[in-house]
Amino acid sequence: MQLSRKRGFTLIELLVVIAIIAILISLLLPAVQQAREAARRTSCKNNMKQIGLALHNYLDTYSVFPPSFVADIGTGTNTPGGEWSIHARILPFLEQANLYNLADLNLAYDDPANGEIASQRVATYLCPSELNDRAREKNGVPIHYPVSYGYNGGTWNVFDNSTGKPGNGSFAPNFSSRPRDFSDGMTNTICFSEVKTYTPYNRDGDQGTTTIPSTAAEVDALIATGGSNKSNSGHTEGVDGRVHQTGFTVTLPPNSKVHVPGVNNDQGDYTSCREDKSCATSTFAAVTSRSYHVGCVQTLLMDGSVHTISENIDLSIWRKLGQRNDGSVLGEF
């Protein structure tokens with residue numbers, strides 16, 4: 001009689017199968033991650049398109065684009081808590097009319113009459129790749145919500161605090177631009193670009209001059225001269241129209257690394273003196289466009305189109321894109 005023998009896996013064969021499966025998974029995971037990031041980038045681009053559409057609907061309604069905020073230059077007083085941002089002003093055109101109607105823009109956003117509006121999350125203002133999509137809190141209570149997209153405040157000189165003269169960007173305090181103000185053409189001027197939330201920044205050292213820094217090291221040197229260092233509150237107040245909260249400048253190329261002392265990252269920004277404050281000079285700001293999308297930033301132009309711009313873009317081109325009236329027509333960039 002022949003004895004039947006049951007054949008099974010040997011230990012070596014089992015280990016080989018496990019190894020093959022592990023290799024296949026390791027090959028698959030990056031592809032899945034890339035697909036997810038591509039989806040997030042597409043969603044981010046759509047957010048910016050919605051912002052561009054909202055701004056043009058605002059233009060159709062009021063015949064002007066909104067100011068970065070309304071400053072009370074010349075009155076001798078400052079609005080408590082900061083002035084209302086572009087993000088707040090275009091809410092009705094982003095299907096957020098109910099939230100907008102709760103706000104009294106004649107009062108400061110932290111006025112009791114405005115309740116908890118400042119802490120409300122607006123999904124369109126958050127990039128899906130943003131790592132810090134969370135409310136800013138004080139004593140455990142939400143007080144603000146950050147934004148991932150900032151308006152173009154220009155090259156460096158954002159606002160003259162003594163004369164009220166605006167900078168050369170698309171938006172500035174008390175400056176309600178019209179299409180005719182964009183002598184370079186709205187297809188050649190940045191409207192909004194990505195920013196990272198909870199960025200550290202230096203403010204109110206009043207050390208800026210008309211000389212524009214050309215490198216991150218030069219901005220580091222300005223930060224080292226004094227002022228107040230904030231560890232993680234930049235771009236956390238979506239209702240505040242000041243450039244370090246809801247804007248950016250083209251002083252440095254996208255994703256530039258700037259260090260604020262005492263902070264363990266290199267995502268810092270610089271503001272010589274906040275707009276509409278008691279300043280010896282203008283507000284000079286190096287507030288950099290940054291993104292979690294590797295190697296680039298998503299950028300909205302004034303004509304409503306959205307472009308993916310490399311962090312390696314030539315600084316002179318980036319700065320020309322940030323100026324509404326420098327006389328440059330760039331075409332493809």
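Hi everyone. Let me start with a term we will need: two strands count as paired if DSSP finds at least two bridges between them. Keep that in mind as we look at this structure, which is a predicted model.

So, how many bridges join strand β3 to β8? There are 2, and these two strands run parallel. With at least two bridges required, β3 and β8 therefore count as a pair. Strand β3 covers residues 149–152. If you want a place to look, find Y151, whose bridge partner in β8 is G247.

Now let's step back to the sheet. Its 5 strands come in the order β8-β3-β5-β11-β12, forming an open sheet with mixed pairing. Which are the edge strands? They are β8, at residues 247–248, and β12, at 306–310, and each of them pairs on one side only.

Next, the aromatic rings. A pair of aromatic rings is described by how far apart the centres are and by the angle between the planes. Searching the whole structure turns up 9 aromatic pairs. Take F65 and F182: the ring centres are 6.3 Å apart and the planes stand at 90°, so this pair is edge-to-face. F65 sits in the loop between α1 and α2, while F182 sits in the loop between β4 and β5, so the pair ties together parts that are 117 residues apart in sequence. Are these two buried or exposed? F65 is buried, at a relative accessible area of 0%, and F182 is buried too, at 4%.

Another edge-to-face pair is W84 with Y109, at 6.1 Å centre to centre and 80° between the planes. W84 belongs to the loop between α1 and α2, and Y109 to the loop between α3 and β1, so here the parts tied together are 25 residues apart in sequence. Both W84 and Y109 are buried. There is also an aromatic cluster, made by Y58, Y62 and F93.

The charged end of R134 sits over the ring of Y198, 4.0 Å from the ring centre. Likewise, K196 places its charged end over the ring of Y292, 4.4 Å from the centre.

Finally, let's visit the surface. I12, V16, I20, I23, L24 and L27 make a nonpolar surface patch of about 620 Å². I12 is located in helix α1, which spans residues 11–62. Why does I12 count as exposed? Because its relative accessibility is 64%, and the cut-off for exposed is over 50%.

How values were computed:
Residues are numbered from 1 along each chain as its sequence is written. This is a predicted model: local features need pLDDT of at least 70, side-chain atom pairs count only at pLDDT 80 or more; totals for chains, interfaces and linings use all residues. Side-chain values use heavy atoms; hydrogens and water are left out. Patches are made of residues with over 30% relative accessible area and no salt bridge: like charges are joined within 9 Å, nonpolar side chains (Val, Leu, Ile, Met, Phe, Trp, Tyr) within 5 Å. Accessible areas come from the Shrake-Rupley method with a 1.4 Å probe; for residues, only the protein chains shown count as cover. A salt bridge is a side-chain nitrogen of Lys or Arg within 4 Å of a carboxyl oxygen of Asp or Glu. Helices (H or I, at least four residues) and strands (E, at least two) are DSSP runs, numbered from the N terminus. Buried means under 20% relative accessible area, exposed over 50%, partly exposed in between (1.4 Å probe, protein chains only). Rings of Phe, Tyr and Trp (its six-membered ring) pair if their centres lie within 6.5 Å; planes under 30 degrees apart count as stacked, over 60 as edge-to-face and the rest as tilted. A charge sits over a ring if NZ of Lys or CZ of Arg is within 6 Å of the ring centre and within 35 degrees of the ring normal.
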